[in-house]
Amino acid sequence: MIDLVIRGDTVVTPQGVGAHDILIAGGVIAAMAAPGGIALPEGTRVIDATGKIVMPGGIDPHVHCKWHLPGPDGSATETAPPDVVSKAALWGGTTTMLDFTRASQGKDLREAIERREAEWKGHCACDYAQHIMVEGALPVDLPDQVAEAIQAGFATVKIFTTDITPSRKGRMVDFGDIWEIFQVLAANRGLGVIHSEDNDIVMHMYGKLIREGRTGFENMAEVHNTLSEDVSFRRVIRLAEKVAGTALYMMHVSAATGVSAIHEARARGVPIYGESLHQYMLYGSEDYKRPNGQIYHTYPSLKGAEDHTALWQGTLDGSINCVATDEICCTLKQKLQGARIDDTTGGNAGVEPRVALMYTEMVGRRGYSLRRYVDLVSTNAARIMGLYPRKGALAAGSDADICVLDPADRRVIRAEDLHEADYTPWEGRQMDAWPCLTVLRGKVVVENGSFKGSLHDGQWQHRKVAEEMFTAPRL
């Protein structure tokens with residue numbers, strides 16, 4: 001029986017943009033029909049979205065909730081839990097988030113997964129999944145545990161090629177261990193999600209700038225530099241090419257050198273996909289010099305104008321497939337607690353404005369088609385991460401995860417109007433549209449700014465990456 005109908009004249013589907021009735025039953029899309037073309041049972045709720053943009057719910061493939069947040073004095077706090085971030089996501093039209101389970105947080109990977117699930121189940125208003133994160137010197141039995149986790153629906157494995165800062169020893173995975181993990185990924189059809197920087201270059205630059213007394217965070221781009229991204233991306237890609245069946249997702253691409261490495265690898269047939277962050281695409285190293293310039297930072301670092309150009313071009317030529325947030329939801333005090341190149345807090349509170357912000361920047365300011373915009377904030381993440389077509393599509397049989405954008409709501413972003421932190425790096429930016437309706441598996445969870453969901457609504461998502469994603473670069 002049909003529970004809900006959303007009727008729109010600008011509905012973004014896998015086939016294109018047009019007028020449709022989205023008929024929802026039991027949490028899934030039962031049919032896509034011409035407006036008024038199917039007789040409805042008496043009393044069926046019909047939401048008129050005429051004049052608005054109807055799209056699949058956003059998918060943010062890179063968030064950190066209830067996450068360890070080190071302080072400059074050696075103390076540590078935690079970022080906001082999914083209780084907060086998931087509600088903000090829904091207010092902003094995002095219906096699914098992917099976070100991380102650290103293998104090191106349990107006596108074995110199974111225990112780490114169970115502990116992480118306990119932090120999410122009953123505490124998340126949107127749907128969610130977890131990347132497995134491996135770090136440091138890997139125990140000899142970990143590869144077999146990773147294989148088991150992939151088969152159990154944890155289809156992606158996060159790997160660091162750097163410790164990021166001198167104080168975070170234990171993040172970087174040695175190249176030999178990366179080689180071992182790639183073999184596990186290839187055999188089990190898992191995807192490698194990589195934080196890729198050259199550790200030798202990064203640590204050399206930390207030492208150099210500290211010796212020179214240039215320790216202010218405004219020098220961050222010299223440490224986490226474009227050469228580091230170039231060298232590391234190409235080394236990781238070369239290794240992947242030597243392990244047949246390895247597919248890669250390069251996280252938070254920040255530089256033109258990274259875009260070029262991905263572009264060239266795809267031209268050789270390497271199944272590789274790129275993610276950038278809205279910070280990297282819209283802010284640069286000069287923004288570090290603004291008041292409270294730490295609010296724009298996330299690791300590796302903001303770069304220059306030529307890098308912006310390459311990132312935007314990458315969203316058009318297939319090198320950049322997803323725009324994520326690297327969500328770190330914390331207070332302004334926490335975000336500003338470090339002011340040096342080696343202690344500045346990374347990440348940003350951005351999951352709520354992401355969908356509207358990228359609509360404004362892509363469709364409004366750069367003339368992207370609605371289809372390409374939706375690919376970059378939803379569909380591509382679903383396809384790469386093993387959620388498609390359950391997620392990321394308005395199609396019969398897909399989950400009824402829907403965002404409706406209202407072009408008449410051209411609000412200016414203010415931290416006081418958002419729901420995740422007491423600051424926003426997007427303060428004062430005017431939007432070309434804002435979400436007015438969010439539906440999660442057929443349930444209206446946000447309507448006209450009113451939250452109607454529950455922290456028990458979110459469900460963990462079993463993922464299996466489609467075979468085609470491993471045979472050649474798709475998307």
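Residues are numbered from 1 along each chain as its sequence is written. In this predicted model, local features need pLDDT of at least 70, side-chain atom pairs count only at pLDDT 80 or more, and totals for chains, interfaces and linings use all residues, while side-chain values use heavy atoms, with hydrogens and water left out.

Q: How many cavities of 30 Å³ or more does the structure hold?
A: On a 1 Å grid over the protein atoms alone, a cavity is a set of points where a 1.4 Å probe fits but cannot get out. Grid points are joined across faces, edges and corners, and a volume is the space filled by probe spheres set on the points. The largest cavity has about 30 Å³ of space. The number of cavities of 30 Å³ or more is one.

Q: Which residues line the largest cavity?
A: Lining residues have an atom within 4 Å of a point. Ala, Val, Leu, Ile, Met, Phe, Trp, Tyr, Cys and Pro count as nonpolar, Asp, Glu, Lys and Arg as charged, and the others, Gly among them, as polar. By these classes the lining has four nonpolar, no polar and three charged residues. They are Arg411, Val412, Ile413, Arg414, Asp417, Leu418 and Trp434.

Q: Which strand gives the most to the lining of the largest pocket?
A: A pocket is an open set of points with protein on both sides within 12 Å along at least five of seven lines. The largest pocket has a volume of about 560 Å³. Of its 32 lining residues, the closest to the centre are Trp67, Pro70, Ile164, Arg168 and Arg171. Strands (E, at least two residues) and helices (H or I, at least four) are DSSP runs, numbered from the N terminus; strands E8 (68-70) and E12 (156-160) give two or more residues to this lining, and the most, three residues, come from E8.

Q: Which helix supplies the largest share of the lining of the second largest pocket?
A: This pocket has a volume of about 230 Å³. Its lining includes Lys66, Trp67, Phe100 and Arg115, and divides into three nonpolar, three polar and six charged residues. Strand E10 (94-102) and helix H2 (109-120) each supply at least two residues. The largest share, four residues, comes from H2.

Q: Are H8 and H10 roughly parallel or roughly antiparallel?
A: Axes are lines fitted to C-alpha atoms, for helices over the stretch in contact, and angles run from 0 to 180 degrees between N-to-C directions. Helix H8 (residues 256-267) and helix H10 (residues 305-317) pack at about 30°, with axes 8 Å apart. Angles under 35 degrees count as roughly parallel, over 145 as roughly antiparallel, 65 to 115 as roughly perpendicular and the rest as oblique. So H8 and H10 are roughly parallel.

Q: What is the handedness of the crossing of H4 and H7?
A: Helix H4 (residues 175-188) and helix H7 (residues 226-242) pack at an angle of about 40°, with axes 10 Å apart, which makes H4 oblique to H7. Contact means heavy atoms within 4.5 Å; here Phe175, Ile178, Trp179 and Phe182 of H4 meet Arg235, Val236, Leu239 and Ala240 of H7. A crossing is left-handed if the near helix is turned anticlockwise from the far one by less than a right angle, and right-handed if clockwise. The crossing of H4 and H7 is right-handed.
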